[in-house]
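Colleague: Please take me through this model one feature at a time, with the general idea before the case.

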Amino acid sequence: MELNKFTLLLISSSLLPFLAGAIFEAPGIADALGPAMSFLSEATTRSPLPPPVVSPTIRSPFPSPVSSPPPPESPAHSSSTLPLLSNNAALTKICDVTRYPAECLATIAPSLTGETNPISVLKIGIHALQKSFEEATAVATKILNDLSTTAAVKAPLDTCVESFDNGIAVLNDALTAISAHDIGRLSTKLSAALTYSDTCEEAFAEQPDLESPLKETDQHLDKLASINLAISTSLQWS
């Protein structure tokens, strides 16, 4: 029974091509199917597949972020300043005897030339303090001449200007004492220079609710005067 089914399938598969050919060769069949076949052929030729749809590129209305440039180098830590302050061991040692070694280095190093010793460093420090007194006098005088400055402020400012002028004069005496190797006189003059900024601030403190416009200036003068007095204690006269 199984053999008969297999034989029948084999015969059917062999006859299919002939039957198909016979159908198309039969009268009327080819004529009936001809227009349909021509339409399909034409449609395939004339109507190619549409091109693939390409999505448009969407651009953001915001600009692309730009990385911020590195911050500029801080002057206090610039590559040109640090070697100047740190490579001179002798200056560092001298400034270490003061209460303000960082301010000492920053004040002395830019003007230091030649040999580094306590006397050369002290002379530079004294000249720096003199210049600061002159600048303080100019600031105080400008405030005095301002029409908006009240009489209550002008009175202590007069005291400040007088004190700053005295500071310049006493430092000239200090330089003379260095040349004469007079350590006693030098110590006296440098101690006096330390008091002038205090005198200015005390003039404002005597008036209640009156703030000194020279407070930061006086603090700077006080530091420089303290540095010079400390360095003078390490002098060794030859």
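Modeller: Start with empty space. Rolling a probe the size of a water molecule over the atoms shows where empty space is left. Here a search of the whole structure turns up 1 cavity of 30 Å³ or more. A cavity is a set of points, on a 1 Å grid over the protein atoms alone, where a 1.4 Å probe fits but cannot get out. The model is predicted: local features need pLDDT of at least 70 and side-chain atom pairs pLDDT 80 or more, while totals for chains, interfaces and linings use all residues. Residues are numbered from 1 along each chain as its sequence is written, and side-chain values use heavy atoms, with hydrogens and water left out.

Colleague: What volume does the largest cavity have, and which residues line it?

Modeller: Its volume is about 30 Å³, meaning the space filled by probe spheres set on the grid points, which are joined across faces, edges and corners. Lining residues have an atom within 4 Å of a point; for the largest cavity they are Cys104, Thr107, Ile108, Gly125, Ala128, Leu224, Ile227 and Asn228. Helix 5, helix 6 and helix 10 each give at least two residues to this lining. The lining has 5 nonpolar, 3 polar and no charged residues. In this scheme Ala, Val, Leu, Ile, Met, Phe, Trp, Tyr, Cys and Pro are nonpolar, Asp, Glu, Lys and Arg are charged, and the others, Gly among them, are polar.

Colleague: How many helices and strands does the chain have?

Modeller: It has 10 helices and 0 strands. Among contacts (heavy atoms within 4.5 Å) between residues at least 6 apart in sequence, 67% join residues at least 24 apart.

Colleague: What should helix 10 span, and how far apart are its end C-alpha atoms?

Modeller: The expected span is 1.5 Å times one less than the number of residues. For the 18 residues of helix 10 (residues 215-232) that gives 26 Å, and the end C-alpha atoms are 26 Å apart, so the two agree. Helix 7 has 29 residues and should span 42 Å; its ends are 43 Å apart, which also agrees. After helix 7 comes histidine 181, with a positive phi near 55 degrees.

Colleague: Which residues of helix 10 are buried?

Modeller: Buried means under 20% relative accessible area, with a 1.4 Å probe and protein chains only. In helix 10 the buried residues include Asp218, Leu221, Leu224 and Ala225. Their cover includes helix 4 (89-95), helix 6 (118-145) and helix 8 (183-193), among others. Over the 238 residues in the chain, 27% are buried.

Colleague: How many disulfides does the search find?

Modeller: A disulfide is a covalent bond between the sulfur atoms of two cysteines. The search finds 2, taking cysteine sulfur atoms within 2.5 Å as a pair. Cysteine 95 is joined to cysteine 104, S to S 2.1 Å, and this link is left-handed, with -65 degrees about the S-S bond. Cysteine 95 has a relative accessible area of 0%, so it is buried.

Colleague: Which cysteine does cysteine 160 pair with?

Modeller: Cysteine 200, with the sulfur atoms 2.0 Å apart. The torsion about their S-S bond is about 85 degrees, so this disulfide is right-handed. Cysteine 160 lies in helix 7 and cysteine 200 in helix 9, so the pair ties together parts 40 residues apart in sequence.

Methods: Helix = DSSP H or I, 4+ residues; strand = E, 2+ residues; numbered from the N terminus. Buried < 20%, exposed > 50% of the residue type's maximum accessible area, 1.4 Å probe, protein only. 1 Å grid on protein atoms, 1.4 Å probe; cavity = no way out; pocket = protein on both sides within 12 Å on 5 of 7 lines; lining within 4 Å.
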